[in-house]
Amino acid sequence: MKIYKSSNNIIIESAGKHYLADTKDWNALVNQENLYGKLKDHANASNEINWTADMLQAPIGTQEIWAAGVTYFRSREARMEESKDSGADVFYSKVYEAERPELFFKSTHYRVANPGGKVNIRKDSKWNVPEPELTLLINSSGKIVGYTIGNDMSSRDIEGENPLYLPQAKCYDLAAAIGPCLFVPEEPIDPNSKIVMKIERDSKIVFEGDISINQMKRGHEELAEFLFREMSFPDGVYLMTGTCLVPDDTFTLQPGDIVSIEIEAIGILKNTVAIR
């Protein structure tokens, strides 16, 4: 099952057919108990509609977006490399091995880029990269109920200069994109699912890579449990689970680049890079 959000409606996709949701309240829809079953029952009882996925909005209501860091070995290596001059590389090595994961706030819903829209790079940064991440939707009860694709835009030179600058490296207008839909399966997503990222510049591919999500050191349930330990999320929350597709140290995004991130079960999230 998939849920899409447009400017006027919420659309449910089941077995390639589309149905109009019986509510426009995203928060209420995704926080129902047994979400998969409710969506399936609604599709079975509804009339199919003709619909094309144009002018999509990010599949989000008023949820916050959080992120997990250094959950893949490649991410550990990249973070250590970018921060070695500041002497902070040891922190990334330690957090990779520690019991407690790195969790940080990423974005409010109103700063999120829509599928097909623009994602920003900072004017005061010289080293910017996209970070493709499987993103969990965790409902208000702390249960993982769905998945989407996330782009955790990052200013690597700012974070590398000092880890205390992490919020500036990670949090700014249009620094996050999610979509194109919320994927709600009956069972947890296949651990062999691949994340594929391509970056195009002037119609040429300048980066391409893929990785299976089973390369994550930490489990999805583990990350969700830590996030909910001392916090509540009345409308649910999105959690980006980390990345390991990191372009080499000579690469930085430029305005006009097109970033495409694909997870087969979910779809393709495509955004164009811009400067505010």
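The questions and answers below go through a predicted model of one chain, from its overall build to single residues.

In this predicted model, local features need pLDDT of at least 70 and side-chain atom pairs count only at pLDDT 80 or more, while totals for chains, interfaces and linings use all residues. Residues are numbered from 1 along each chain as its sequence is written, and side-chain values use heavy atoms, with hydrogens and water left out.

Me: How many helices and strands does the chain have?
Reply: Helices (H or I, at least four residues) and strands (E, at least two) are taken as DSSP runs and numbered from the N terminus. Counted in this way, the secondary structure of the chain comes to seven helices and 17 strands.

Me: What is the radius of gyration of the chain, and what does the globule rule give for 276 residues?
Reply: The radius of gyration is taken over C-alpha atoms, and the globule rule is 2.2 Å times the number of residues to the power 0.38. The two values are close, so the chain is as compact as a globular protein of that length. The C-alpha atoms fill a box of roughly 60 × 45 × 30 Å, taken along the principal axes.

Me: What percentage of the 276 residues count as buried?
Reply: A residue is buried under 20% relative accessible area, exposed over 50% and partly exposed in between, with a 1.4 Å probe and protein chains only. By that cut-off, the buried share of the chain is 55%.

Me: Which residues have the most contacts inside the largest nonpolar core?
Reply: A nonpolar core is a set of buried Ala, Val, Leu, Ile, Met, Phe, Trp, Tyr and Cys residues joined through side-chain atoms within 4.5 Å. The largest one has 46 residues, and a second, separate core of 28 residues includes Ala 67, Leu 137, Leu 166 and Ile 178. In the largest core, the residues asked for are Leu 134, Ile 138, Tyr 147, Ile 189, Leu 227, Leu 253 and Ile 266.

Me: Which residue of the hairpin of E13 and E14 takes a positive phi near 55 degrees?
Reply: Strand E13 (residues 194-201) is joined to E14 by eight bridges and the two run antiparallel, with Lys 198 having Glu 208 as its bridge partner in E14. Two residues lie between the strands of this hairpin. Ser 203, in the loop between E13 and E14, has a positive phi of about 70 degrees although it is not a glycine. The residue with the value near 55 degrees is Asp 202.

Me: How many residues of strand E12 are buried?
Reply: Strand E12 (residues 176-183) pairs with E10 in the antiparallel sense over five bridges, and with strand E6 (residues 112-113) in the parallel sense over two bridges. E1 also pairs with E12, antiparallel and over two bridges. The strand is largely enclosed by the rest of the structure, because the buried residues number eight of the eight.

Me: Which two residues does a cis peptide bond join?
Reply: The bond has an omega of about 5 degrees, and Pro 180, one of its two residues, lies in strand E12. The residues it joins are Gly 179 and Pro 180.

Me: Is Lys 24 buried or exposed?
Reply: Lys 24 is placed in the loop between E3 and H1. Contact means heavy atoms within 4.5 Å, and Lys 24 touches Asn 8, Asn 9 and Ile 10, not counting residues up to four places away in sequence. With a relative accessible area of 63%, Lys 24 is exposed.

Me: Which residues of helix H2 are buried?
Reply: Helix H2 spans residues 35-45, and what covers its buried residues includes strand E1 (2-5), strand E2 (10-14), strand E3 (17-20), helix H1 (26-30) and strand E10 (144-152). The buried residues are Leu 35, Tyr 36, Gly 37, Leu 39, His 42 and Ala 43.

Key
Pairing = 2+ DSSP bridges.
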